[in-house]
Amino acid sequence: MTTPGRWTLRAENSSYTVRLSPDGPWAELEAWGPTGVEDGPCALDWSRRTHFITPADAAPAEYLPYGLRPFTGSELIAARPGGERGTWWDFDGAEEGDGSLRLAFTDPVLGLRTVLRYEVVPGTDVILRWTELTATTGELRLERLDSAAVNIPVTGAARLTYLTGQWSQEFQRTQLDLARGTFTMGSLQGVPGHAYAPWLAIQDGGRGGVGGAGGAGEGGPAYGIALEWSGNWHITAEAEPGGLVRVRAGRVPHEGAVSLAPGETLTTPRLACAVSPDGLDGLSRVWHRYERRLSGERLHRPRKVLYNSWEATGFDVDAAGQLELATLAAEIGAELFVVDDGWFTGRGDDTGGLGDWYPDPAAFPQGFGRFVDDIRGLGLDFGLWVEPEAVSPGSRLYAEHPEWAYRIEGRPARLVRNQLLLDLGRPDVQDFVIGTLDRLLTTYDIGYLKWDMNRPPTERGRPDAAYDVLLDLDAEHVGGYLRVLDHLRATHPDVTIEGCAGGGGRVEHATIARTDVVWPSDNTAPLDRLSIQYGFLHAHAPHVMSSWVTDAPGVFDPRPRSLAFRFVNALCGVLGIGADLRAWTPQQRAEAARWIARYKDVREVIHHGDVHLLGTPEDPSFGVQYDDPRSGRTVVAALGTGRLDGAPLLPGRPDRLRLRGLDPRARYRDAGSDTTYSGAHLLHYGLPFTWSDGHDAELVVLTRR
């Protein structure tokens with residue numbers, strides 16, 4: 001029976017209950033957790049005693065404007081142009097559907113209608129939240145327009161887990177205990193950026209340890225949020241008085257405010273909210289399942305083993321050299337050959353060519369079409385790198401359309417990486433990019449497109465815009481970017497798309513929903529990459545994680561690792577190769593062929609299975625476990641990262657990785673070692689690994705019997 005003013009959204013294994021507050025005209029969270037958690041007294045209820053704050057400031061409110069909530073942080077700041085800031089609203093009704101909810105609030109004095117939107121993602125424990133803001137009578141100025149607020153009760157400090165870094169060191173798992181005060185992160189670079197991912201996990205730090213070594217509970221239930229936005233953003237967590245952490249998230253307007261014309265509705269980015277009773281390990285599987293739904297039918301395409309020529313040739317691209325690499329790549333089992341930067345006119349280095357997207361006739365004397373046919377004649381699909389948002393100052397495109405680049409009149413146009421950035425918010429620029437990509441994809445037999453973006457906007461102005469118009473350049477650029485990706489998927493549905501921004505600078509759900517794979521980092525060194533992928537897999541699924549085997553030395557951890565280590569590490573996602581195969585010995589190429597064959601045998605398990613992270617990269621042994629209940633196969637990618645035990649010269653025992661999620665009563669056979677284990681043995685003792693200076697990686701495939 002539904003209680004008036006109280007609504008429950010039911011996800012796969014969890015529920016989310018919202019009610020109208022007894023204290024005022026707002027919605028607040030009553031319960032969020034495993035199915036049935038709403039049956040009982042509200043854990044977020046409070047004494048209603050306030051001193052120097054208002055009831056709205058203490059409430060676990062879902063969304064409140066400045067005006068109603070004046071002191072402890074609001075999600076919305078709105079005003080009439082030239083008027084006082086503040087919104088006071090009344091509840092204006094609810095609409096409940098199958099897995100959806102709309103709660104409306106109106107402020108007739110200001111002329112604003114606010115609708116809180118909720119939608120359950122079928123088959124997952126993810127609830128999407130966003131807000132619709134409509135100017136009902138006159139123009140409004142929105143200085144803050146968050147997507148939602150998330151409330152989590154805690155008994156001690158709130159344990160925050162988030163992903164930090166910099167270029168070449170993205171997705172570093174970082175933890176912070178927030179007892180009181182405010183934590184905030186975000187980006188003003190026009191993309192999510194390398195410093196932080198728009199993702200956050202929250203746990204009750206008063207209910208267990210950190211769980212850094214990989215305990216199954218990882219500190220108890222975990223709540224997570226992820227913002228679906230490709231531009232400027234923020235996530236802010238505030239540990240409030242009385243045992244509550246409140247998280248706000250949303251986009252950040254470049255100009256500081258957004259203008260809303262009479263009758264116009266602004267829809268905020270969607271905020272995905274997830275929960276798992278099984279800690280960070282369980283939360284990662286919730287995100288993986290959600291991202292599989294984002295992929296839709298494209299999930300079932302096998303992700304082809306890729307060879308990319310960048311690290312072998314750099315800008316020195318010509319048909320003969322590329323065909324030599326492609327021949328070797330085909331021999332070891334690659335299925336796709338991608339020509340990276342340097343294939344187009346004027347691109348002998350990074351100072352020119354961007355914007356003039358025509359193959360260099362000097363590099364391909366028999367024509368680019370003939371070159372593509374030659375690659376395909378080797379049995380390989382063909383792919384191409386592009387950076388469609390960038391323009392070189394010496395290019396023909398810039399000479400014809402200097403107004404297409406971001407610039408502020410009277411100020412110098414600063415170069416970053418010897419290039420400028422196109423204003424993709426302009427419809428004419430979008431049409432140019434769409435026309436360019438359509439031309440390439442229809443003229444040549446291209447099955448893979450790598451979209452890169454290596455330069456954030458600096459002087460972000462539109463020179464020919466009317467001076468009295470309040471622009472929203474960040475949202476317009478995001479809209480243009482997504483329009484182009486949507487066009488590619490609709491017009492060229494068979495083309496696989498890779499998302500990249502100087503590595504992992506633009507990895508979030510809007511991009512993941514429109515691409516097939518993303519590039520987590522330009523750093524391909526083995527131990528550096530292990531740390532990157534460990535953090536990445538907390539938030540994102542293996543089937544979108546492109547990872548290469550290269551010869552790159554470590555940037556942050558220079559310890560040498562074997563070719564086997566590089567392959568086992570890379571096949572934890574979508575396997576690619578970027579090394580100069582011409583420099584490899586026949587023995588190395590033969591070993592590579594064996595690893596590629598093994599990967600092809602298990603990639604369906606890796607891309608579609610349930611994932612468990614076994615330990616951390618700081619442990620002597622680290623592993624990633626993939627379970628496919630349908631086939632009964634479990635794949636364990638195991639890596640030795642620590643000191644050796646001295647065996648066999650000294651007494652020593654194998655290191656072990658305890659597996660998770662298996663049936664303790666079942667039996668599991670490892671055909672590679674002809675060993676059969678009980679599930680109880682693998683859960684309690686684990687798989688044994690004896691590492692040595694020449695043996696630092698294994699791929700174990702267990703079959704349930």
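Me: At which residue does helix 12 bend, and by about how many degrees?

Reply: Helix 12 bends by about 55 degrees at Val 602, where the bend at a residue is the angle between axes fitted to the seven residues ending there and the seven starting there. Helices here are DSSP runs of H or I with at least four residues, strands are E runs of at least two, and both are numbered from the N terminus. This is a predicted model, in which local features need pLDDT of at least 70 and side-chain atom pairs count only at pLDDT 80 or more, whereas totals for chains, interfaces and linings use all residues. Residues are numbered from 1 along each chain as its sequence is written, and side-chain values use heavy atoms, with hydrogens and water left out.

Me: What span does helix 12 reach from its first C-alpha to its last, and which of its residues are buried?

Reply: The expected span of a helix is 1.5 Å times one less than its number of residues; helix 12, with 23 residues (586-608), reaches 33 Å, close to the 33 Å expected. Buried means under 20% relative accessible area, exposed over 50%, and partly exposed in between, using a 1.4 Å probe and protein chains only. An α-helix has 3.6 residues a turn, so residues three or four places apart point the same way. The buried residues of helix 12 include Arg 589, Ala 592, Trp 595, Ile 596, Tyr 599 and Val 602.

Me: Which members of the largest nonpolar core touch the most other members?

Reply: A nonpolar core is a set of buried Ala, Val, Leu, Ile, Met, Phe, Trp, Tyr and Cys residues joined through side-chain atoms within 4.5 Å. In the largest one, which has 194 residues, Trp 343 and Phe 567 touch the most other members. With contact meaning heavy atoms within 4.5 Å, and leaving aside neighbours within four places in sequence, Phe 567 is in contact with residues including Trp 584, Ala 592, Trp 595 and Ile 596. A second, separate core of 15 residues includes Ala 666, Tyr 668, Leu 682 and Leu 702.

Me: Where is Asn 523 placed, and which backbone oxygen does its side chain reach?

Reply: A polar contact is a pair of N or O atoms within 3.5 Å; within protein, one must be able to donate a hydrogen and the other to accept it, and residues adjacent in sequence count only if both atoms are side-chain atoms. Asn 523 sits in the loop between strand 28 (517-518) and helix 10 (526-539), and its side chain reaches the backbone oxygen of Ser 168 at 2.9 Å. Asn 523 counts as buried because its relative accessibility is 4%.

Me: How many salt bridges does the count come to, and which residue pairs with Arg 462?

Reply: A salt bridge is a side-chain nitrogen of Lys or Arg within 4 Å of a carboxyl oxygen of Asp or Glu, and the count comes to 51. Arg 462 meets Asp 423 at 2.7 Å, N to O; the two lie in loops and are 39 residues apart, and both are buried.

Me: Is Asp 486, the partner of Arg 514, buried or partly exposed?

Reply: Asp 486 and Arg 514 meet in a salt bridge at 2.8 Å, N to O. Asp 486 lies in helix 8 and Arg 514 in the loop between helix 9 (509-512) and strand 28, so the pair ties together parts that are 28 residues apart in sequence. Asp 486 is partly exposed at 37% relative accessibility, whereas Arg 514 is buried at 18%.
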